[in-house]
Amino acid sequence: MSLWRKGWRPVSVLILLLVSWQVLSGVFAIPEWLLPTPAQIGIEAWQSWPDYRSHLFATIRLSIIGLLIGTLIGLGVAVGLHLVPKLKETFYPLLIVSQNIPIIVLAPLLIIWFGFGLLPKLVIIVLVCFFPITIAALDGFRQTSGELLHYMKMAGATKRQIFWKLEWPHALPSIFSGLKIAATYSVMGAVISEWLGAQEGIGVYMTLASSSFQTAKVFVAILLIMGLSLIFFAGIVFLEKRIIRWKASGGGSGHG
């Protein structure tokens, strides 16, 4: 019931926009190739399922693999920079500067260096995923309770014990915030990599549709990308609730 009370307003606005889109397209007789109606997009999505099914699964597979690798690298970099302050002083500014280079600019170079196989696609996804995870984790480590940290040091805890018993649990909420961003970025990165050269994937499906002016299929691809991003985001939220709750009930804490 509370979910309905919170969600009815955005749902109502979305329905109003779709109805307005449908009506105005008919009133102004906008051709389908220029701007299809929501009804035409829905019909296309239903009828074209056999055409884009393999593309959808290819993008899902690529996104998940890239997200997993990006997560491992992002957490590894964050832990390394946190535990070795000199490394952080040396590489953290370079890490920030590296994010000012658009991925779409690097993508052609990656293809030149690594070809059209799986590797350059994974590199693109990893590049867009690891950064928010690294920054979020570092921020979480930094926000560890100073009082608890002082208490553990006074109790004779080792650096390893302090990290696993205090800093890591405290950083989990921040890490999951970074994972939520990275999860949505993984789909975007997969589609961008598919634009630049692939045999299958939503990016390929969208490219083929746009080149033949099948605008309804382009909108279907957009809806698929949005849907995947929301599903990935929801998956991270589910894991967060399970893991954070487990940490809290297991006494890992430190909250408050």
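1. A29 is exposed, with a relative accessible area of 59%; exposed means over 50%, buried under 20% and partly exposed in between, using a 1.4 Å probe and protein chains only. The residue sits in the loop between α1 (2-27) and α2 (38-47). A29 is not a glycine, yet its phi is positive, at about 50°.

2. Some ground rules. This is a predicted model, in which local features need pLDDT of at least 70 and side-chain atom pairs count only at pLDDT 80 or more, while totals for chains, interfaces and linings use all residues. Numbering runs from 1 along each chain as its sequence is written, and side-chain values use heavy atoms, with hydrogens and water left out.

3. F213 also deserves a look at its backbone. Its phi is positive, about 55°, although F213 is not a glycine. The residue lies in the loop between α9 (202-211) and α10 (215-249). F213 counts as exposed, at 58% relative accessibility.

4. Now the overall fold. The chain has 10 helices and 0 strands. Helices (H or I, at least four residues) and strands (E, at least two) are DSSP runs, numbered from the N terminus. Along the sequence the pattern reads α-α-α-α-α-α-α-α-α-α. The C-alpha atoms fill a box of roughly 75 × 55 × 30 Å along the principal axes.

5. Of the 256 residues in the chain, 37% are buried. A contact means heavy atoms within 4.5 Å. Among contacts with a separation of 6 or more, 74% join residues 24 or more positions apart.

6. The chain has 19 positive and 10 negative side chains. Lys and Arg count as positive, Asp and Glu as negative; His and the chain ends are not counted. The centres of the two sets lie 11 Å apart, with each charge placed at NZ of Lys, CZ of Arg, CG of Asp or CD of Glu.

7. How many cavities of 30 Å³ or more does a search of the whole structure find? The search finds 1. A cavity here is a set of points, on a 1 Å grid over the protein atoms alone, where a 1.4 Å probe fits but cannot get out. The largest cavity holds about 40 Å³ of space; grid points are joined across faces, edges and corners, and the volume is the space filled by probe spheres set on the points.

8. The lining of the largest cavity consists of I111, G115, F116, P120, K121, I124, S193, L196 and G197. Lining residues have an atom within 4 Å of a point. Helix α6 (residues 118-142) gives the largest share of this lining, 3 residues.

9. L119 belongs to helix α6 as well. Is L119 buried or partly exposed? L119 is partly exposed, with a relative accessible area of 47%. L119 and K180 are 61 residues apart in sequence and 24 Å apart in space, C-alpha to C-alpha.

10. T71 lies in helix α3 (residues 49-83). T71 is buried, at 15% relative accessible area. Which residues does T71 contact, leaving aside neighbours within four places in sequence? They are I133 and L179.

11. V204 lies in helix α9. With a relative accessible area of 11%, V204 is buried. Leaving aside neighbours within four places in sequence, V204 is in contact with H55, E194, A198 and Q199. V204 and L56 are 148 residues apart along the chain, and their C-alpha atoms are separated by 10 Å.

Note on methods
1 Å grid on protein atoms, 1.4 Å probe; cavity = no way out; pocket = protein on both sides within 12 Å on 5 of 7 lines; lining within 4 Å.
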